[in-house]
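Here are my notes on the model, point by point. Please read them with the structure open.

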Amino acid sequence: MADRIFSGLLLLVSIGYGVMAFTVIKAPFQYDPLGPESWPRILSVVSALCCLGLLARPDTERLDLTGKTSTRLVVLLVLLAAYAALFEPLGFVIATLLFCAVLARILGATMGHAMIFGVATGILGFGVGAMILELNLPAGPLRALM
Amino acid sequence: MTDVLSGLEAGFAVALLPLNLALVMGGCFVGTLIGALPGIGPINGVAILLPIAYGLGLPPESALILLAGIYYGAEYGGRISSILLNVPGDAGAVMTTLDGNPMAKRGEAGRALSLSAVASFCGGTAAVILMTLFGPLLASFAVKFNPSNYVALMVFAFASLASLVGKNPIKTLLGAVIGLMLATIGIDANTGVARYDFGVPDLLAGIDFLVVVIGLFGMAELIHLVEQQVTGKFTILPIGKSFVSMADLMATKWTILRSSLIGFFIGVLPGTGASVASAVAYGTEKRLASDGDTFGTGNPKGLAAPEAANNAAAGGAMVPMLTLGIPGSGTTAILLGALLLFNVTPGPMMFQTRPEIAWGLIASMYIGNVALLVINLPLVGLFARMLTIPQRYLIPLIAVLAFIGVYSVVGNPFDLFMIIGLGIFGWVLRKLHFSLAPIILGFVLGGLFEDNLRRALSISGGDWSILVADANSLVLYTLALLVVAVPLVLSRRKRMALDTEA
Amino acid sequence: MKMLKAAAALLLSTTLAGQVLAADIDHPECIAPAKPGGGFDLTCRVAQQGLMDTFGKPLQVTFMPGGIGAVAISQFNTTRTDDPNAIVAFSSGSLLNMATGKYGEWTEKDVRFLATAGADFGAAVVQGDSPFQSLDALMEAIKADPQAVVVGAGGSVGSQDWMKAALLFKSVGQDPRKMRYVAFDGGGDAIAGLMGGSIQLYMGDVGEMVAHMGTNVMRVLAVMSSDRLGPPFADIPTTKELGYPDAEWTILRGYYMGKNVSDEAYNAWVAAFEKAYADPAFAALQKDKGLMPLNMAGDELVASVKTRVEKMRAIAMEAGLIK
């Protein structure tokens with residue numbers, strides 16, 4: 001079933017992709033006979049055929065996800081999205097501190113250990129990454145301190 | 001030949017000065033650390049450290065030796081997180097995950113790390129030797145490699161990758177097509193028309209390769225680890241004190257040699273680098289190996305092949321830069337910029353006007369490879385200990401490293417969301433038993449294939465016969481045919497032999 | 001560990017030396033919105049070396065390839081509109097894209113033009129042993145048959161690299177749509193294509209040719225300028241003197257910043273450039289990179305860009321590139 005749902009969805013994507021290739025994509029003029037549209041056209045057809053093949057002969061039945069696992073994964077994704085959203089506004093140190101502490105706590109670390117881990121990762125990560133290796137990391141509000 | 005020897009002698013005199021020796025060692029060490037960070041590879045390492053190297057006020061040959069050390073070090077370091085975490089350290093280390101990580105999961109992290117260090121050393125050293133002997137000759141061959149030859153090379157690459165077909169060929173093909181489709185996003189290089197950007201400016205340039213790799217591999221691995229932790233499937237990895245054995249080396253020697261050659265030649269060509277080289281080497285070795293069916297489950301040959309190839313490619317990429325002044329890859333373009341920064345113009349004249357720089361740099365590559373082996377082997381135990389970090393800390397750390405890698409290279413928070421989205425996609429694909437490697441390879445090879453095909457057809461004015469018009473292409477098509485056909489013939493012959501015995 | 005400490009100490013000292021400018025320019029960066037090796041790379045190198053004294057360290061050059069600069073301009077209109085550290089290299093090609101709407105909603109009004117690096121001119125380049133040893137010979141061949149030579153350059157159709165070829169074709173009355181044009185991914189790949197014989201004519205910039213002057217590998221047939229350039233290009237004829245005055249292409253190279261950059265940071269950068277312009281070393285640097293001195297910063301540049309873009313828009317309209 002899982003394979004069928006997945007290939008069904010991918011088939012829709014392929015059709016959308018193909019429709020764009022056959023209708024929207026066009027150059028005012030071009031020097032090669034293929035143009036920007038031929039390659040995507042071929043890909044959309046191959047992809048759609050593969051999806052149909054998979055619909056006909058799926059081999060993975062279920063994703064084996066329990067309710068508890070799905071909840072945990074949703075929490076993980078929310079945390080990751082929050083980390084990405086706060087990465088620039090809060091800066092690397094604070095965003096990383098929060099993300100690491102909360103995730104470590106959820107994954108079973110004690111409150112104290114999670115906090116220490118968060119603080120250490122935030123500060124050491126920035127120290128090594130931005131100061132020593134000169135990587136481009138956002139300083140955020142802490143910029144004033146530097 | 002005497003020119004080469006005397007040049008090399010003078011070069012070693014420069015490279016063996018205590019300061020330069022210290023710089024190459026230091027560069028290799030820092031480079032290994034940078035390369036070990038997921039996502040940050042040689043190109044970023046060199047770009048980031050160039051201002052520092054310049055700021056130190058070193059003489060040009062010393063600064064270049066430092067940068068070359070960082071370049072090589074980063075290429076070595078890429079394998080570490082591939083093997084230990086299943087997260088490629090950089091673009092060239094994607095194939096390293098396929099057999100490296102299963103070895104680590106079996107408790108052979110030390111063996112995998114040390115074997116790959118030796119393979120890297122052999123690849124790197126073979127590349128420098130070939131460069132010393134045939135550099136200028138190869139460079140003139142490389143520029144003659146025209147768009148239709150690239151098309152043939154891509155056909156060869158796909159043919160050698162046909163060996164990656166897993167249990168379900170449709171899933172493998174679909175994976176490759178997904179990769180090819182992802183590669184069409186963004187502005188078309190020929191006509192300047194935007195494709196599949198949906199009005200999002202961040203998509204105009206297409207999706208960065210790094211973002212695809214970190215997303216599909218790194219973030220998917222992260223989600224997978226969390227899932228395993230919840231379901232209690234996760235078991236603490238055994239950390240044996242394993243190390244590469246003489247038997248391992250004997251078993252992989254031909255793999256390493258062939259992969260070094262493949263990697264070097266692909267590296268010399270402008271436009272193709274470590275990622276294409278390691279993919280082709282892996283595919284070819286899987287085809288040729290008698291135990292090819294165990295590739296992907298922790299076969300040492302499957303680990304040695306991409307590592308020898310990507311380091312050889314790193315060396316090969318230096319050839320057109322040094323001899324012709326044409327950068328064959330992003331990293332060598334930055335090294336070229338560094339040369340210009342020191343008022344050194346690369347090209348054939350450099351060997352006459354500034355021999356201390358040209359030969360000093362080449363000599364430092366010999367030394368750098370030895371230095372990397374010496375630095376890396378003792379550290380194997382230390383790196384392997386990374387696996388003993390408890391999951392509750394390791395999982396957040398992987399996310400942080402992935403974010404650092406993507407943000408510091410691309411500098412755009414949009415891509416942080418991209419890796420999360422691709423991570424979910426990659427995790428679903430894994431659950432459905434898709435192999436991720438074909439997607440990555442489709443993505444790498446797709447753009448090269450389409451652009452060069454259309455370039456070739458523009459050159460010929462639409463005449464398709466240009467694709468088979470010269471010897472280079474024909475040789476590559478023949479090789480492609482062989483790489484597909486030979487294993488079939490061999491296995492049939494084996495079967496027939498078994499039948500007659502019975 | 002010692003190594004890291006030593007590196008940290010070194011870094012600290014270089015950072016301290018850099019704090020002569022306004023406090024918020026602590027990490028000066030030049031963004032080349034292309035892959036390494038082409039004209040944007042060169043533009044950034046000029047800033048990297050020319051402003052070294054002011055900042056105490058070379059600018060970090062970052063490559064942001066894709067969309068012939070569209071990605072950079074959109075990033076500087078979305079996430080980095082007020083980044084005081086970063087300047088972005090532009091050329092008249094970028095202005096052309098703004099004029100023709102290639103950057104979508106972003107136009108010349110959405111960035112803050114800062115300063116120029118200098119000017120450059122289009123160049124028609126062939127292999128050293130090409131059958132076309134003069135521009136006239138080449139133009140004869142094109143006039144007789146627009147498909148006679150394969151033209152290559154580092155940009156797609158409608159880019160300024162293509163425009164240079166189109167202008168050449170138009171000056172002998174040929175339709176640019178009839179040429180054989182190959183779009184490479186940047187100047188580096190196109191030069192490799194020329195050296196390898198995939199293309200017979202490369203439409204590049206004179207500045208890129210510095211490293212190849214005096215070798216017999218490549219030959220610059222003409223510079224697309226109205227006046228002769230100084231050494232090392234003094235021997236190359238111009239398109240104007242050869243009788244093709246319309247085939248002229250000046251490449252303005254410079255830098256812009258995000259439109260919301262503080263006046264303090266903007267003025268600090270302008271001052272840094274004006275200081276560099278006054279230094280004879282900067283002129284030497286420009287010459288070294290094959291750039292002609294054309295020094296404008298601040299308001300003077302903003303005004304100049306405005307008239308240039310309007311002119312380009314008119315030409316593009318005439319050529320049918322925009323409706």
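1. Domains of chain A. Domain 1 of chain A covers 2–56. Domain 2 of chain A covers 67–145. Keep in mind that this is a predicted model.

2. Chain A against chain B. Chain A puts 54 residues in contact with chain B. Chain B answers with 50 residues. The largest share comes from α3(A), with 17 residues.

3. Make-up of that side. The residues of chain A that touch chain B divide into 35 nonpolar, 12 polar and 7 charged.

4. A helix pair inside chain B. Look at α6 (residues 109–144) and α11 (residues 246–268) of chain B. Their axes come within 8 Å. The crossing angle is roughly 35°. The crossing of α6(B) with α11(B) is right-handed.

5. Residues at the crossing. From α6(B), the contact draws on B:Leu115, B:Val118, B:Ala119, B:Cys122, B:Gly123, B:Ala126, B:Ala127, B:Leu130, B:Leu138 and B:Ala142. Facing them in α11(B) are B:Asp248, B:Leu249, B:Ile256, B:Ser259, B:Ser260, B:Gly263, B:Phe264 and B:Val268. The contact of α6(B) with α11(B) counts 13 nonpolar, 4 polar and 1 charged residues.

6. The domain contact in chain C. Domain 1 of chain C contributes 18 residues, and domain 2 of chain C contributes 21. On the domain 1 side, α2 (39–50) and α5 (92–99) of chain C each supply at least two residues. Which element gives the most to that side? It is α5(C), with 3 residues.

7. Make-up of the domain 1 side. The residues of domain 1 of chain C that touch domain 2 of chain C split into 7 nonpolar, 7 polar and 4 charged.

How values were computed: Residues are numbered from 1 along each chain as its sequence is written. Chains are lettered from A and ligands numbered from 1 in the order in which they are written. This is a predicted model: local features need pLDDT of at least 70, side-chain atom pairs count only at pLDDT 80 or more; totals for chains, interfaces and linings use all residues. Domain bounds come from an automatic or database domain assignment. Axes are lines fitted to C-alpha atoms, for helices over the stretch in contact, and angles run from 0 to 180 degrees between N-to-C directions. Helices (H or I, at least four residues) and strands (E, at least two) are DSSP runs, numbered from the N terminus. A crossing is left-handed if the near helix is turned anticlockwise from the far one by less than a right angle, and right-handed if clockwise. Two residues are in contact if their C-beta atoms, placed from the backbone, lie within 7 Å. Ala, Val, Leu, Ile, Met, Phe, Trp, Tyr, Cys and Pro count as nonpolar, Asp, Glu, Lys and Arg as charged, and the others, Gly among them, as polar.
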